[in-house]
Amino acid sequence: MTKYVYDFAEGSKELKDLLGGKGGNLAEMANLGLPVPPGFTVTTDACRAYLRTGDEPFGLADEIDLHLERLERQAGRRLGDTADPLLVSVRSGAKFSMPGMMETILNVGLTDTTVIGLAGQTGGDERFAWDSYRRLIQMFGRTVCDVPGEQFDRALDAAKAAKGTTDDLGLDADDLRALVTTYKEIFTAHTGRAFPQDPRDQLDQSIRAVFSSWNAERAVLYRRQEHIPTDLGTAVNIVAMVFGNLGPDSGTGVAFTRDPATGAPGVYGDYLANAQGEDVVAGIRNTMPLQDLAGLDRRSYDELLAIMARLEAHYRDLCDIEFTIERGKLWMLQTRVGKRTAAAAFVIATQLIDDGVIDADEALTRVTGAQLAQLMFPAFNLAGRPERIAAGIAASPGAAVGAVVFDARRAAEVAADGTAVILVRRETNPDDLPGMIAAQGILTSRGGKTSHAAVVARGMGKTCVCGADGIDVDVHQRRFTVDGHVVSEGDVISIDGTTGSVYLGAVPVQPSPVVRYFEGTLTPGADPLVAAVDRILGHADKVRRLAVRANADTYDDAARARRFGAQGIGLCRTEHMFLGERRPLVERLILARTDKERDAALADLLPLQRADFVQLFQAMNGLPVTIRLIDPPLHEFLPPLDELSVKVALAESRGEPDGHDRALLDAVQRMHEENPMLGLRGVRLGLVVPGLFAMQIRAVAEATLACREQGVTVLPEIMVPLVGAVQELEAVREEALQLLRTLGVDARIGTMIEVPRAALTAGEIARAADFFSFGTNDLTQMGWGFSRDDVEGAFFTRYLELGIFGVSPFESIDRDGVGRLVRIAVDEGRRTRPDLHIGVCGEHGGDPESIHFFHDAGLDYVSCSPFRVPVARLEAGRSTVAATGSDTR
């Protein structure tokens, strides 16, 4: 039979999956002999059972009875005793800290009769007793019965106004007794029943309310933001009440063993005399610095500092502590490894190494790639309270300020004059790339985190906000409207890719010292934070098994990636080289009707493509460069069908037909596909359009020869996209090898595993491949049957709410489905070719959670955008440490 309830003496912090972080840590403190009020924990198993069925699991009530009897014996009081009542708190506590997201009910057990006993228990302190009772009605009503909290607030404000005070402490026992009557009337008016007078009924309803709060809207949103799985559930902690509101010798506070903002050692925290815990959080009175407690109660202060030191030594980390002093007696109500800023995380980790508390391996477990990424993003200084006019999806972090521009060509022109611009589009496409490159940031009214705008922006390290659907973009009038605001081309806006906020006007931006360090303009010794990052990242590089490459298509991106620590290029998307000024050449290729016309267009593209590769090889001198042959459908390089149709129709109606536009329209109509992502693209394109792949392969070879003459060491790799059958790869490989041999160049030839069939037949495909690189964007899209440009806005939010996803499969790899395809391909590919080199170049290559999976799956490298290279380096080191069994709390 499942055990659903644990006394504190039965638990420990190692049982946080079952007891939650709060319950596990209360048990840990109790077992250390620290002053913890007696109590017990109802497990996350019970919560999950309740959420599945809507009712308590069989046997839970009997277990609560048993443990409540033990608690009453320990406390020397009984729940519901009219002369000497036991009161308890009922608190949530999930595995991962979710501060303020779920429910707490204090003073459970107070009734119209036990409130008299509580007054007698405290020496006739009626004010305290009635104050505690009104708090219970308020918390129980709001939390358990959904009574609007503002109704209680208004009643309290009215009582204070009638008394002529602005402070709760200005209300005496008679005032509070009257307030209790008012609160009960509010409760009855809203619920249709009297406030419960059975203490055990109060307890049972409170436990169920805490269970239910796991699925409260704010808790769901918080889990989604923090990527906390939806199926964990919360534990419930029932603890004997201790009171900080018994007078000036009582109080409550929060303490940190180090500064959670900077990591500096010392005494940090707040204290509030004559108050309960929620008073500190609610901010109803100004707190005092924790140090001031020394002047009020030196004995308790010294005891608290000794406990803080003991807890930090025991947890070997910054601890966040909640405590209450009841008439000079110190009680510990909670501890946990404290939340901290990203900067503090790195500083504290290095401090603990120097203190001999942890080693460098464990320091890697104390920081995350997400924290490092946060330190790299520029941020807005919001002290001036700028006007926020819209919000969208935070697609690519950072802060960007610029003049609004509505098309890519104009963005490039304006930026060339030195003006910072924000490219605003309904959505972007490959033809927008020049404008995206020129812009400081991108704002779209459509799309999600894996839309074209988002993926390309992250790859370039550009700030991007997508899916701001409140914005009505009018490209023709060159303006957008939102919530009564009209923003015209040239107006300045600021977009925050970290929060998704859009502001009117220029918001000041603060640069990141960590990026300046990676760029080589700031030395580690110049900044303690930078020194900590340098030290921890250096250790990650020493221990990691996974190499880290970059997705880069230009010299600037490649050079930046190398400065950021990339060990080569894992993905060069050659299609990005065909845009901008080269578009007319691509149009000539598409419009070619004869072999001669096609060959002439390819011949003109060849020197341009060769120059592209020369630059990449120069930037990556001595490091491998993986060049993916052209992947998208050719019609993506042409104007959209509807736009071109209108243009041609208008011209013909005016009697001014344009032969070129008509030819383009005919080509677009001829090449139109219902689902182009599953159509003529990738390897299929190379096999159908004679000479296309050959031109690119020749450009690779000629660039290799040119660089070797310059003394540049070139390690070229040619990657064939969208292969689903070994015969496709064999056909391209044979042509490539023949051409390379003719030119005297060696290059590895491999394929991108992005079609599910390729993963399932990897053993066959490996016969013709020197390497695999997983294209997890398409593998996820095809594996799930999702169109990644459409589904996020359509139903992903609902899927996250229902727990179908813990996190979007486009953000972190779906280990059970897509991940299984990856494992199959790795196993079967290496069974055929043991020396097969395998990497990943999809968006997941820079995702911290996914990197751990790729390490475990046996990949050799991950490839990601240049700005994510440091993050990938750190997580690759963390994955090595995690695999060796080090503490990964």
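The largest cavity is lined by 17 residues, with S89, R91, M241, V242 and L333 nearest its centre. This is a predicted model, where local features need pLDDT of at least 70, side-chain atom pairs count only at pLDDT 80 or more, and totals for chains, interfaces and linings use all residues. Residues are numbered from 1 along each chain as its sequence is written, and side-chain values use heavy atoms, with hydrogens and water left out.

Biologist: What volume does the largest cavity have?
Modeller: A cavity is a set of points on a 1 Å grid over the protein atoms alone where a 1.4 Å probe fits but cannot get out; lining residues have an atom within 4 Å of a point. Grid points are joined across faces, edges and corners, and volume is the space filled by probe spheres set on the points. Four cavities reach 30 Å³ or more. The largest has a volume of about 150 Å³.

Biologist: Which elements each supply at least two residues of its lining?
Modeller: Helices (H or I, at least four residues) and strands (E, at least two) are DSSP runs, numbered from the N terminus. Those supplying at least two lining residues each are α1, β5, β7 and β12 (329-337).

Biologist: Why is one side of β1 and of β6 left without a neighbour in the sheet?
Modeller: Strands pair if DSSP finds at least two bridges between them. The open, antiparallel sheet has five strands in the order β1-β2-β7-β5-β6. β1 (5-7) and β6 (104-108) stand at its edges, so each has a single partner strand.

Biologist: What angle does helix α1 make with β5?
Modeller: Contact means heavy atoms within 4.5 Å. Axes are lines fitted to C-alpha atoms, for helices over the stretch in contact, and angles run from 0 to 180 degrees between N-to-C directions. Helix α1 (residues 16-31) packs on the sheet, touching β1, β2, β5 (88-94) and β7, and its direction makes with that of β5 an angle of about 125°.

Biologist: Are the residues of β28 buried or exposed?
Modeller: Buried means under 20% relative accessible area, exposed over 50%, partly exposed in between (1.4 Å probe, protein chains only). P624, T626 and R628 cover one side, V625 and I627 the other. Five of the five residues in β28 (624-628) are buried.

Biologist: Which residue in β29 is the bridge partner of I627?
Modeller: β28 pairs in the parallel sense with β27 (residues 569-573) over three bridges. With β29 (residues 715-720) the pairing is also parallel, over five bridges. In β29, the partner of I627 is I718.

Terms used:
On a 1 Å grid over the protein atoms alone, a cavity is a set of points where a 1.4 Å probe fits but cannot get out, and a pocket is an open set with protein on both sides within 12 Å along at least five of seven lines; lining residues have an atom within 4 Å of a point.
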